[in-house]
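Visitor: I would like to learn how to read a structure, one feature at a time. Where do we begin?

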Amino acid sequence: MVTLNVTSGQFVSFAHRLLWDSSQRHLVIATERPDDSWMLHLSAGLLAAAAFEAYLNYLGQEMLPEVWANERSFFSTPPYQGTGGKLKRIAEELEWDLPPKSRKPLSGVIELQSMRDKMVHARPKKENYRRVHKEGEFAPVTATWLYREAPEKRVRALVADVNTFAVSLHNAVLQSEFRNVVFGSHPFLGALGFGTHTVESAG
């Protein structure tokens with residue numbers, strides 16, 4: 001006779017670490033597939049920006065659950081609007097002074113978030129042009145959307161800025177009364193989740 005058990009519990013996936021891991025894998029694949037490299041860099045940048053906001057949401061839910069319960073309305077207007085507003089609110093709770101927005105690595109975080117917004121809310125790009133060229137030759141083509149402002153080297157630098165700034169924020173949390181809400185010494189590396197469970201007889 002087969003004995004049946006029931007396992008129940010809860011598992012939490014760390015979205016910020018999953019997104020960051022995916023971003024890093026895209027950068028690795030980009031080195032192996034040069035023909036696809038630029039587009040893979042775009043994907044890596046988008047995922048890194050998403051990972052940073054997911055990390056803020058993770059911290060916010062743990063540190064300020066009453067605020068994040070009304071996330072959509074609370075972060076829809078100044079001075080706490082958007083991703084920057086989430087960072088501002090968390091920094092205030094930590095009593096952590098944010099560096100100037102014009103200084104790296106925070107400036108890189110802001111630039112990558114802006115690039116992320118352009119990709120998420122993208123529209124067709126129209127550009128008028130006039131080129132002088134020799135008869136019998138094709139006119140030089142215009143640059144692809146985002147190509148000038150998001151070359152591969154720049155995207156890698158911005159992703160690195162996100163990593164550097166997130167580590168600084170993580171360290172600030174570790175030195176605060178909220179140290180128990182984070183796992184490990186790095187915000188994006190380590191366990192991708194954790195869970196608890198119990199087992200009981202189905203009888």
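**Exposed and buried residues**

Guide: This is a predicted model. Begin with E135, which is exposed, with a relative accessible area of 84%. The cut-off for exposed is over 50%, so E135 qualifies.

Visitor: Where does E135 lie?

Guide: E135 belongs to the loop between α6 (106–120) and α7 (152–174).

Visitor: How far apart are E135 and S201 in sequence and in space?

Guide: They are separated by 66 residues in sequence and by 84 Å in space, taken from C-alpha to C-alpha.

Visitor: Is K86 buried or exposed?

Guide: Buried means under 20% relative accessible area. K86 has 4%, so K86 is buried. Its place is in helix α5 (residues 82–94).

Visitor: Which side chains make polar contacts with the side chain of K86?

Guide: The side chain of E53 does, at 2.9 Å. The side chain of N57 also makes a polar contact with that of K86, again listed at 2.9 Å.

Visitor: Which residues is K86 in contact with, leaving aside its neighbours within four places in sequence?

Guide: K86 is in contact with E53, L56, N57, W68, E71, F75 and Y80.

Visitor: How many cavities of 30 Å³ or more does the structure hold?

Guide: One. The largest cavity contains about 30 Å³ of space.

Visitor: Which residues line the largest cavity?

Guide: The lining consists of F14, H16, R17, Y55, Y58, H170, V182, F183 and P187. By type, six are nonpolar, two polar and one charged. Helices α1 (15–32) and α2 (37–63) each supply at least two residues of this lining.

Key. Residues numbered from 1 in each chain as written. Predicted model: local features only at pLDDT ≥ 70, side-chain atom pairs only at ≥ 80, totals over all residues. Heavy atoms only, no water. Helix = DSSP H or I, 4+ residues; strand = E, 2+ residues; numbered from the N terminus. Buried < 20%, exposed > 50% of the residue type's maximum accessible area, 1.4 Å probe, protein only. Polar contact = N/O pair within 3.5 Å; in protein donor to acceptor, adjacent residues only side chain to side chain. Contact = heavy atoms within 4.5 Å. 1 Å grid on protein atoms, 1.4 Å probe; cavity = no way out; pocket = protein on both sides within 12 Å on 5 of 7 lines; lining within 4 Å. Points joined across faces, edges and corners; volume = space filled by probe spheres on them. Nonpolar A, V, L, I, M, F, W, Y, C, P; charged D, E, K, R; others polar.
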